[in-house]
Amino acid sequence: MSREHHYQTVVTWTGNKGTGTSGYRDFGREHELSAEGPPVIGGSSDPAFRGDPARWNPEQLLVGSLSQCHMLWYLHKCAVAGVVVTGYTDTATGTMAESADGGRFTEVVLHPAVTVAAQEMAETALALHADAHKACFIANSVNFPVRHEPTVHVAG
């Protein structure tokens, strides 16, 4: 059975300094990302593109989305397989190449560090990253490689 899910967000530009886009250096890249329910996210462009480093940029949000999706699927797969995860962090990295025509991501690498409750769970815990990757909606939607380099630790 096939199902569709629909998502709506609103991006509102807040960087008008009074003269709009009268010149490349005359406007701010600040904006707000909102949706019904969650708090507003303050966004900008990457500082390399005249953005505010105190705000999230689209490139960070893309890397974060891939990391979140993988984690959520991974925790699901572990729960179903009887692997008790007691800790999870991921320091994900993304690489974007810029050209005269724009830019594109060339890869994202996830570095999930997982803690499991018992030694006998470690091997399965490591293997389940591949299953989570195959199931991740976001990873299945991008046109660049998303790799994962996981580590598994045993609690205690």
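1. Asp52 sits in the loop between β3 and α1. Helices (H or I, at least four residues) and strands (E, at least two) are DSSP runs, numbered from the N terminus. At 24% relative accessibility, Asp52 counts as partly exposed. Buried means under 20% relative accessible area, exposed over 50%, and partly exposed in between (1.4 Å probe, protein chains only). Leaving aside neighbours within four places in sequence, Asp52 is in contact with Glu30, Ser44 and Ser45; contact means heavy atoms within 4.5 Å. His70 is 18 residues from Asp52 along the chain, and 28 Å separates their C-alpha atoms.

2. A word on the basis. This is a predicted model, in which local features need pLDDT of at least 70 and side-chain atom pairs count only at pLDDT 80 or more, while totals for chains, interfaces and linings use all residues. Residues are numbered from 1 along each chain as its sequence is written, and side-chain values use heavy atoms, with hydrogens and water left out.

3. Arg50 belongs to the loop between β3 (41–43) and α1 (58–81). Its phi is near 70°, a positive value in a residue other than glycine. Most residues other than glycine have a negative phi. Arg50 counts as partly exposed because its relative accessibility is 37%.

4. Val40 lies in the loop between β2 and β3. Not counting residues up to four places away in sequence, Val40 touches Glu32, Leu33 and Ser34.

5. How do the two helices α1 and α2 pack? The angle between α1 and α2 (residues 122–135) is about 125°, and their axes are 8 Å apart. That makes α1 oblique to α2. Axes are lines fitted to C-alpha atoms, for helices over the stretch in contact, and angles run from 0 to 180 degrees between N-to-C directions. Under 35 degrees counts as roughly parallel, over 145 as roughly antiparallel, 65 to 115 as roughly perpendicular, and the rest as oblique.

6. Which residues meet there? From α1 come His70, Trp73, Tyr74, Lys77, Cys78 and Ala81. Their partners in α2 include Leu126, Leu128, His129 and Asp131. The residues of this contact divide into 9 nonpolar, 4 polar and 2 charged. Here Ala, Val, Leu, Ile, Met, Phe, Trp, Tyr, Cys and Pro count as nonpolar, Asp, Glu, Lys and Arg as charged, and the others, Gly among them, as polar.

7. The structure holds 5 aromatic pairs. Rings of Phe, Tyr and Trp (its six-membered ring) pair if their centres lie within 6.5 Å; planes under 30 degrees apart count as stacked, over 60 as edge-to-face and the rest as tilted. Trp13 and Phe27 form an edge-to-face pair, 6.3 Å centre to centre with 75° between the planes. Trp13 is in strand β1 (residues 10–13), and Phe27 is in the loop between β1 and β2 (31–34). Trp13 counts as partly exposed, at 40% relative accessibility.

8. Tyr74 and Tyr88 form a tilted pair, 5.8 Å centre to centre with 45° between the planes. This pair links distant parts of the chain: helix α1 holds Tyr74, and strand β4 (residues 85–90) holds Tyr88. Both tyrosines, Tyr74 and Tyr88, are buried.
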